[in-house]
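Dear colleague,

Please find the structure below, together with some notes on what turned up in it. I would be glad if you read the notes with the structure open beside them.

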Amino acid sequence: MAILGYSLLLLPVANLVIYFIKKRAAVYWLGLGLFAFFMFVLVYGSFNAWSPIVREVDIKIDKASDMDNLKVLVASDIHLGEIVGVKHLQRLVDIVKNEQPDVVLLPGDIIDDHIEPFMEQDMGSIMAKLKAPLGVYVIPGNHDYYGNDLELMAEEMEEAGAVVLMDQSVLVDDQFYVVGRKDKTDNHRAGVDSLVQNLDHTKPILMMDHQPYDFDIAAANGIDLLLAGHTHRGQLAPAHLITGMIYENDWGYLQKGDLHTLVSSGFGTWGPPLRLGSRSEVFLINLEFTQQ
């Protein structure tokens with residue numbers, strides 16, 4: 001897929017160059033250059049896909065809490081399946097063990113369409129190793145719906161010790177809320193207002209919503225931190241230029257009024273296990289509550 005995509009961009013340009021230059025040497029050097037570029041995509045793209053990085057972000061929320069700080073680890077778009085399997089999932093487990101977060105949040109696209117590879121490779125036993133003192137929380141993404149295995153996915157996550165939130169909220173340790181939405185592809189998902197109307201808004205509210213839309217609505221309803229994924233930051237450049245035009249925030253941190261948003265490019269990959277212009281990542285958020 002990657003080779004075909006880049007070929008559609010580069011080969012017409014190469015043909016035009018050869019047509020206008022009309023020198024045999026041009027064919028040789030252009031061919032060599034294209035070969036070198038494709039090798040770069042395969043080698044460097046594989047490195048970016050399979051070598052996750054931990055990105056630290058410090059965020060201050062102007063609300064009171066008995067906890068001065070909260071360490072949150074976020075990993076979206078794992079896409080467990082035929083390509084992203086046990087080995088990459090174990091990398092996530094190792095990162096969590098190393099970073100020792102207070103809570104782990106997984107905002108969607110846990111599986112890549114179908115649950116069968118997850119079950120056949122016993123990935124649930126690896127997922128069960130994801131531990132945090134205040135829990136592991138999961139929401140579905142669009143790919144968790146596509147294979148009609150959403151209920152099975154939720155069962156597998158709960159068996160692994162995670163809490164699955166689908167248009168639900170939970171008060172964690174009587175200190176802060178985690179709100180989890182169904183994916184935007186679900187026509188029956190609830191509105192943000194109905195999810196938070198009965199919450200104590202003096203406490204911090206963290207919301208997971210797989211696709212990064214409706215920041216204005218989240219801000220208007222008192223969400224303090226919105227966590228999303230989905231975009232992969234295009235996964236293969238220059239697709240990041242397209243995601244940058246589609247989404248208000250297609251990657252990284254953006255503050256909008258009192259709302260803090262963080263969008264991850266994801267831990268796994270969709271399609272080819274390659275990344276160019278993006279990197280397999282988790283976000284480690286150091287939350288500080290500043291209100292006395």
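Asp 216 and Lys 256 are joined through their side chains in a salt bridge, with 2.7 Å from N to O (the term requires a side-chain nitrogen of Lys or Arg within 4 Å of a carboxyl oxygen of Asp or Glu). Because Asp 216 belongs to helix α9 and Lys 256 to strand β10 (residues 252-256), this pair ties together parts that are 40 residues apart in sequence; helices (H or I, at least four residues) and strands (E, at least two) are DSSP runs, numbered from the N terminus.

Please keep in mind that this is a predicted model, in which local features need pLDDT of at least 70 and side-chain atom pairs count only at pLDDT 80 or more, while totals for chains, interfaces and linings use all residues. Residues are numbered from 1 along each chain as its sequence is written, and side-chain values use heavy atoms, with hydrogens and water left out.

Lys 256 also meets Glu 248 in a salt bridge (2.6 Å, N to O). In the whole structure, the search finds six salt bridges, and one of them links Asp 224 with Lys 63, whose closest N and O atoms are 2.8 Å apart.

Turning to helix α7 (residues 150-159), its buried residues are Leu 150, Met 153, Ala 154, Glu 156 and Met 157. Seen down the axis of α7, they fall within an arc of 160° (taken from the directions from the helix axis to the C-beta atoms), so they line one face of the helix. The face turned away from that buried side carries the exposed Glu 151 and Glu 159.

Methods. Buried means under 20% relative accessible area, exposed over 50%, partly exposed in between (1.4 Å probe, protein chains only).
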